[in-house]
Amino acid sequence: MVPAPLTTPDGSVVASYGRRVGGYVLDALFTSVLTIAPAVWATAASIHAMTDFFDALDPETGELPPGSSFHDYFDGLWWQLLTAIAISYLLVFAYHLIFLRLWSTTPGKRILGLRVRRWALEGPLDWATAAKRAGMQYGVFALLSILYVNVLDGLWPLWDERRQALHDKVASTVVIDVRPADTP
């Protein structure tokens, strides 16, 4: 006998962990395209700084010209790299915020027949709910990645009774399967 699927209080079928991961991977591929421009800009800035630095070195002694230092070539680079990272995070956050608010799904989730909704309330997500969910996953948790919070967030649905990730819990959302019942 096949166990009954996990459902929301009003009967929507909660998505399996594997399908959630599939949607996440597809969205990661799509958002990586968005972050190409900041990455190229940061890489070009790095190459330019290194080229200027090595061009300035005396070919015979390998020393910098008198009165100049390593910092003259690389101090501004840190701000460019941090700016590129910030722009990338903002683009990924905006991708999730806008798609979740307008369609309650992202392109990756939509391809797999998934949608995000509040646990106890059917209907589109409001701006606050979409911002909480995207902000926790792609803002707070991304900034805390050194503490492995986003790994924990990604694994949380495996043992959660509602299959919610931590960012779902903060926003009171759940990912549901919206495919027709007879679709595998």
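Me: What do the side chains of Arg117 and Asp10 meet in?
Reply: A salt bridge, with N to O at 2.8 Å. Keep in mind that this is a predicted model.

Me: Is Arg117 buried or exposed?
Reply: Arg117 has a relative accessible area of 0%, so it counts as buried.

Me: Which residues are linked with Arg117 in a network of salt bridges?
Reply: Asp10, Arg115 and Glu122 are linked with Arg117 in that network.

Me: How many salt bridges does the count come to?
Reply: The count comes to 10 salt bridges. One of them pairs Arg19 with Asp177, where the closest N and O atoms are 3.5 Å apart.

Me: Which parts of the chain does the pair of Arg19 and Asp177 link?
Reply: Distant ones again: Arg19 belongs to helix α1, while Asp177 belongs to strand β2, residues 173-177. The two are 158 residues apart.

Me: And are Arg19 and Asp177 buried or exposed?
Reply: Arg19 is at 18% relative accessibility and counts as buried. Asp177 is at 17%, so it counts as buried as well. The cut-off for buried is under 20%.

Me: What about Lys169, which side chain does it meet in a salt bridge?
Reply: That of Asp160, at 2.8 Å from N to O. Lys169 is partly exposed, with 35% relative accessibility. Asp160, on the other hand, is buried at 12%.

Me: Which residue has a side chain joined to that of Lys169 by a polar contact?
Reply: Gln164 does, and the contact is 3.1 Å. Gln164 is in the loop between α6 and α7, the latter spanning 166-171.

Me: Is Gln164 buried or exposed?
Reply: Its relative accessible area is 3%, so Gln164 is buried. The Gln164 side chain also reaches the backbone oxygen of Thr173, at 2.8 Å.

Me: Changing topic to rings. How many aromatic pairs does a search of the whole structure find?
Reply: The search finds 3 aromatic pairs. One of them is Tyr95 with Phe99, whose ring centres are 5.0 Å apart.

Me: Why is the pair of Tyr95 and Phe99 edge-to-face?
Reply: Because the planes of the two rings are at 70 degrees, and planes over 60 degrees apart count as edge-to-face.

Me: How many residues apart are Tyr95 and Phe99 in helix α3?
Reply: They are 4 residues apart in α3, so about one helical turn separates them. Tyr95 is buried, at 9% relative accessible area. Phe99 is partly exposed, at 25%.

Me: Which residue does Phe99 form a tilted pair with?
Reply: Trp103. The distance is 5.6 Å centre to centre, with 40 degrees between the planes. Phe99 and Trp103 are also 4 residues apart in α3, so here too the separation is about one helical turn. Trp103 is partly exposed, at 47% relative accessibility.

Me: So which residues do the ring pairs link into a cluster?
Reply: Tyr95, Phe99 and Trp103.

Me: Now pockets. What volume does the largest pocket have?
Reply: About 510 Å³. The largest pocket is lined by 26 residues.

Me: Which of the lining residues lie nearest its centre?
Reply: Nearest the centre are Tyr24, Gln137, Tyr138, Asp153 and Gly154.

Me: Which helices each supply at least two residues of that lining?
Reply: Those would be α1 (17-34), α3 (70-103), α5 (127-143) and α6 (149-155).

Me: Which one gives the most to the lining of the largest pocket?
Reply: That is α1, with 8 residues.

Me: And by class, what does the lining of the largest pocket have?
Reply: It has 13 nonpolar, 8 polar and 5 charged residues.

Definitions and conventions
Residues are numbered from 1 along each chain as its sequence is written. This is a predicted model: local features need pLDDT of at least 70, side-chain atom pairs count only at pLDDT 80 or more; totals for chains, interfaces and linings use all residues. Side-chain values use heavy atoms; hydrogens and water are left out. On a 1 Å grid over the protein atoms alone, a cavity is a set of points where a 1.4 Å probe fits but cannot get out, and a pocket is an open set with protein on both sides within 12 Å along at least five of seven lines; lining residues have an atom within 4 Å of a point. Grid points are joined across faces, edges and corners, and a volume is the space filled by probe spheres set on the points. Ala, Val, Leu, Ile, Met, Phe, Trp, Tyr, Cys and Pro count as nonpolar, Asp, Glu, Lys and Arg as charged, and the others, Gly among them, as polar. Rings of Phe, Tyr and Trp (its six-membered ring) pair if their centres lie within 6.5 Å; planes under 30 degrees apart count as stacked, over 60 as edge-to-face and the rest as tilted. Buried means under 20% relative accessible area, exposed over 50%, partly exposed in between (1.4 Å probe, protein chains only). A salt bridge is a side-chain nitrogen of Lys or Arg within 4 Å of a carboxyl oxygen of Asp or Glu. A polar contact is a pair of N or O atoms within 3.5 Å; within protein, one must be able to donate a hydrogen and the other to accept it, and residues adjacent in sequence count only if both atoms are side-chain atoms.
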